[in-house]
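Below is a short briefing on a single protein chain, written for a reader who wants the cut-offs stated alongside the values.

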Amino acid sequence: MTSRIPRDSRLRLVRPRPLAAAPRAMNQRRSRRPAPRPPEGTPAPAELAGMARLRLAGAARVARWADAALRPGKGSATSDGKATLADATAERAAAELGLTPAQIRADWDTARLAGLVEVHGGSARPGWRLRAWHRDDTAVLRGWVALFDAWSLAHPEPAEHEPAAVAEVVSAMPQVLSFLQLSAGPVPVEQLLDLLQQRVRELRTQRCEVPYGPQREPASPPAPGTAPPADAEPGDTELAPLLDWALDALASVGALTCGAGQATLTPLGSWAVWVKLEQICVAAQSPAGNIEAAAEDMLRGCAQLRPNAARAEYRAWLAARPVGSAVTELLDAARGEDALLRGLAFEALRVVGAPAEPEVRAVLDEPTLRPYALLWLAEHDGADPEDAHEVLTREEATWLWVDTAAAVADHGEAPLLVRHLESAVQPTVPALLDEVRAVGHPRTVQVLVALAAAHPDPALAKAVRRAAFQVHTGGS
C-alpha cells in the first residue's frame, strides 16, 4: 500500500533559471544584423579610448585618491550625503594632489558623472570603470559616453533663463549634434541656431503650445550676422545664448570645439553621436514593434524571447527615450500584479546599468520590489550573479520564490513549475511550505494550488494542497 504520509523530499540547492530562458517557443530564430561600421575616418577603438583617458585623466586621478583616502572608516567624502564634496575633503585632496579646491571639485563632479566614483551617504567608493581603467577600452569609452550624455549637468546653465527654455534646448540638441555629425566638418553657429529654433518650435507644437488670438505671418529669417527685428518672437531670440551655453558645455566634456563662429565635433564626439544614431536605427528595426510600446507592453513582447534577443529589445527600447523616464516606466510596470513583468523589468534595468541605481535604491522600502532591488544592487556592486542571492534574508528569498512561482504559474508550463521547486532555499518540502505560508505573499494560495496540480508525486501534491487550504482558511 502506498504511504499517505508526506515525503520529506530533499530539494537540491540550485540557482533559479531566468524566466526568459525558458520560452514556450523553442524554435525562434532572429536574423543577425551585420555589425555596423563607423564612418570612414573614425579612429580605432583603442585610439578613441586613449582620447577618453586623456580627457578624463583628472577625474580618474581624483577617483583613485578617493578610493585610497575615503574608504569606510577613513573619513567623510561629502557634506550633505548628496555627493557634494565637503570643504575639508576638497582642501585635503587639493593639498595632496597639488591642485586647487576648485579643480578638485570639478574633477570630482566629472568622476561621478563618468561613473568612476560612486557616493553612498558619507562614503565614496570606486566605480567598476575605475577598476578596469587601464585594461578595458570599452569601460573607458562607456565612462566618457556617460559624461557626454550628462553634458547639461557638467556645465551649469545660465541662471537668468527659464528652466523650461533650458529643458527645450537640452531636448533639441540631439538633432543639432546629428546635423554636426552628418556634416563631418565645421558648421557655422548661425546655421545651428536656425536648426535649434526650428526644432524648439516643433517641440512646442507637439505640446500644443499654440498662442491664442490673431497671429502674424512668419517673417523671413534675418541675414547672418544681423540683429533680429524688434518684433521677433522672444522664444527665438532667447535661444542664441542658450545655444552658446550648450556648445560650451559640450566642448567642456570634449565632444566638440568652437572657434571663429563655427562648431566641429571632435573624433570622440562624432563617434558618440554615430553610436546614438546607430542605436536609434537598431530600435527602428525592432521586429516586434516594441520600440514605440509602453514599458508594460514592451516587457510582454519580450517575455517569449531568449535572453540575448530580449536584451537587444531592451536596448532598442531604452535608446528611444530618456533614461530617467524609462527607468520610472520600468519600475511602474514592476509594481503591477504580474510577477513575470516584475522580473523582466529588473532584467531591463540591468541593461540600463549605473544610471538606474538611485531609483532602484529608492524602492528598497517597497516589499514587492525589495528582493529584486537587492539582487540588482548586489550585481551592480560587482557580486557574482550566482552568489547575489546571498544578500537576501530567508524571508526575502522565500517571498521571491513565491513571486517567481506565480510568474511561472501564469505564463509557464507545469514541468517548469515543478523544476522551480528545486530552487527553494529550504532543504525540505515541509519546511518550504511552512515558510511560504508565513511569508504572506498575496499569490501564495494560487501558487500552491498550481504546484499541487502540476507535481507528479501524489503524496507531495496532497501536502501542498493541504497547505493551500490552510492559507486560504487562515488555519494552521
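At what angle do the axes of helix α18 and helix α19 cross? The axes of α18 (residues 370-380) and α19 (residues 394-411), taken as lines fitted to C-alpha atoms over the stretch in contact, with angles from 0 to 180 degrees between N-to-C directions, come within 9 Å and cross at roughly 105°. This is a predicted model, in which local features need pLDDT of at least 70 and side-chain atom pairs count only at pLDDT 80 or more, while totals for chains, interfaces and linings use all residues. Residues are numbered from 1 along each chain as its sequence is written, and side-chain values use heavy atoms, with hydrogens and water left out.

**The α18 and α19 pair**
- Because 65 to 115 degrees counts as roughly perpendicular, α18 is roughly perpendicular to α19.
- The contact (heavy atoms within 4.5 Å) involves R370, P371, Y372, L374 and L375 of α18, together with E396, W399, L400, D403 and T404 of α19.

**Helix α2**
- The 13 residues of α2 (residues 57-69) should span 18 Å at 1.5 Å a residue, and the end C-alpha atoms are 18 Å apart, which agrees; the expected span is 1.5 Å times one less than the number of residues.
- Buried residues (under 20% relative accessible area, with a 1.4 Å probe and protein chains only) in α2 include G58, V62, W65 and D67.

**The whole chain**
- The protein chain has 23 helices and five strands, where helices (H or I, at least four residues) and strands (E, at least two) are DSSP runs numbered from the N terminus.
- Of its 476 residues, 43% count as buried.

Definitions and conventions. Buried means under 20% relative accessible area, exposed over 50%, partly exposed in between (1.4 Å probe, protein chains only). Angles under 35 degrees count as roughly parallel, over 145 as roughly antiparallel, 65 to 115 as roughly perpendicular and the rest as oblique.
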